[in-house]
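Thanks for coming. I will go through one model this morning, starting with its metal sites. Please have a look at it first.

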Amino acid sequence: MAPSTQFEAAQPPSDAISALVFSPDSPNRLLVSSWDKNVYLYEVVDGADEAKLVNQYEHRAPVLDVCFGANRDEAFTAGLDQQVKKIDLATGEQTVLSKHSQAVRCVVFSPEHSILISASWDNSLHIHNPSSSDPPITIQLPGKPHAMAASPSKVVVAMTARLVHIYDLPNIASALASGSASSIQPWQQRESSLKFLTRAVACMPNDAGYATSSIEGRVAVEWFEDTAESQARKYAFKCHRQAAPEDEGGGDIVYPVNALTFHPVYGTFASGGGDGTVALWDAEAKRRMRQYQKFPDSVAALAFSKDGKYLAIGVCPGFETGMENYSGEGKTKIFLRELGETEAKGKGAK
Amino acid sequence: MGKKKRGHPDIEEILARPWCYYCERDFEDLKLLISHQKAKHFKCDRCGKRLNTAGGLSVHMNQVHKESLDKVENALPNRQGLEIEIFGMEGVPEDVLQQHQQRIITNFYTAQAERRAATGNPPPGQNGQGPAKKIKIETPEEIKRRLAVHRAKVATQKAAGANGAVASMPADGQSPAQGASPFPPPQAGFSYPPAGAPGAPPFPPAQTYPAAFPPGPSPPPGAASAFNLPARPPSGAPPAGAALPQRPPYFYNGASAPPPGYPGSPSTVDELVAGAARQGDDIDQLIRMAEKGIKPGKGAAPTEEAGGEKKSKKDKEKNMRMVYADTEVSPEEKMALLPKYRFAIEA
Ligand SMILES: [Zn+2]
Ligand SMILES: [Zn+2]
């Protein structure tokens, strides 16, 4: 069995990480967005325990999210400056695709439908066809979006007030083709399975469902299918908590679960929390498979490479209640874990 | 087993056989037991290395593979915990030892009685007197009493030491997932098979009780007791390259509840609550309602940011401190307001 290894990327961002994402067609290519106003492109060198900085792309403001587009040289970013941008990673050329009226929190690209969706704190989604110059169509949301993820056929948007909207991508694609925003309604509207503010959403690669996490050390797993049977399968569990020292009154310190990502091959998932730990879970068997050694700071973002070989872990100080002097400077790191052959392989439902 | 033994060499022999704490198998000699444990319970599933103890394996996993060991493999459901340090027969808690012996004794006499019933012969070497009572090391009543005392003590400890944390976790199976859970809470050696004392009466906490940890003899090299774990040499693992700033997550004092969120503790999948959305987390919810303030739910008027901070203080009093407690405004929104990140749109 190939032993797993772990190493740090050279030249990490100089401030907090907002997102990590691997290229869908070039599995060693990693994009990282940061509060230091840059997007970084790294290349993981197989067998060398090394991730090299290839390029960086400066923005006007902190970048809150990044995703790959239709190919290895296309990327999209979500800016605190309210802009949705397309980046040509080869030339560095940046194109503004749309402007929201508040910061843009998330971007997701659906390679199956060639659709880019941006979610903004102005309570709206912009649906873009990146290969056309037409303006995007806008969908109003009932709350501020905080997390968004796409499966092959669905987009899950988690908002304030525990609102969750699920959109059907084929439906969005046909609306975009006909230019009729009014025909886009949520495929399903759900209440979050978690009582507290959502931190992250990730979709199962087999299109069956998704996981959400909250600020209150908890993860929920649920299925898209709207049958009583499917809905009865959903569950939630506590994680990323620590016992407080007895001399501080004991009890639990409850950390936010900042990041979730599904393994593209095995369908297991990883969670990363403010406690600086990453755990691997088997969603089917409902068990924790592994918990990795603690990282020096909060885990802000996670991503598996598309071949499932690497897990990228973005680490920086967590933002806690009451903080006014937050800085990730000097403490922001990207760890890459080359997984052992069966490291992320679940045992299946028991 | 301080009592005077007399009678049957047979059962003495059986009782003297070394056996494995993790799976209850018994062996010809100690060497075989130890190699069994290394192969079955202390083998690294990443590289195949065999360690001497679960603690050694845990250190190895941490240092070589950067992983945390969750539980002891191939162990009985209630023997998977890492808190008890076993090496051969060293480290087996007194009560587990008693339980094992009781089981052997019961099995022995059951088998003997069956044989007798089948053959019509008296047991060999008997002088007419029923042997069972004389040979017993300890009567079942004695063992039960011991166990009950111990349990009462454990219950007291739990109540005193772990209040909020443990209390907020449903201890028993509300969800279908729990029965099948591979992570039964090991409870630092206090979880016994249900075979023993049914409905143990509550004993006063002052009562003495058998120690949960091996008394007396110093453990063999590489088999330090759980209390010494953090200080022990890394059991064959390469020297710790990076001394970690945080304490290793896998050890805790056996006298207090294991920290939730750590391997095997009830805060993992054990308390998976099926249908969380429908049922909610009842106890959590009660706590929260008692605190008032947080009104999760749709349509609730957005609470102010300051409210979030107050809540976190209340949570602390309630023995749950949320590192980030604002239920309406995300950390990113707050960061975006800090002068260093704020973006001013040019006119
Ligand atoms: Zn065994
Ligand atoms: Zn190993």
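Along the chain, the donors of the zinc ion (ligand 2) follow the spacing C-x2-C-x12-H-x4-H. A donor here is an N, O or S atom within 2.8 Å of the metal (3.2 Å for Na, K and Ca), and with water not among the atoms, sites may look incomplete. This is a predicted model, in which local features need pLDDT of at least 70 and side-chain atom pairs count only at pLDDT 80 or more, while totals for chains, interfaces and linings use all residues. Residues are numbered from 1 along each chain as its sequence is written, chains are lettered from A and ligands numbered from 1 in the order in which they are written, and side-chain values use heavy atoms, leaving out hydrogens and water.

Which residues coordinate the zinc ion (ligand 2)? They are Cys44(B) and Cys47(B) through SG, and His60(B) and His65(B) through NE2, at 2.0 to 2.2 Å. Cys44(B) sits in the loop between helix 2 and helix 3 (54–65) of chain B and His65(B) in helix 3 of chain B, so the pair ties together parts 21 residues apart in sequence. Helices (H or I, at least four residues) and strands (E, at least two) are DSSP runs, numbered from the N terminus. Cys44(B) and His65(B) are both buried, meaning under 20% relative accessible area, against over 50% for exposed and in between for partly exposed (1.4 Å probe, protein chains only).

Next, confidence. The model scores ipTM 0.95 and pTM 0.64. Chain B averages a pLDDT (the predictor's confidence in each residue, from 0 to 100) of 58, with 39% of the residues at 70 or above. Within chain B, the mean is lowest in helix 7 (residues 163–167), at 31, and highest in helix 12 (residues 331–337), at 95.

Last, chain A. Ser153(A) lies in the loop between strand 14 (145–150) and strand 15 (154–159) of chain A. At 15% relative accessibility, Ser153(A) counts as buried.
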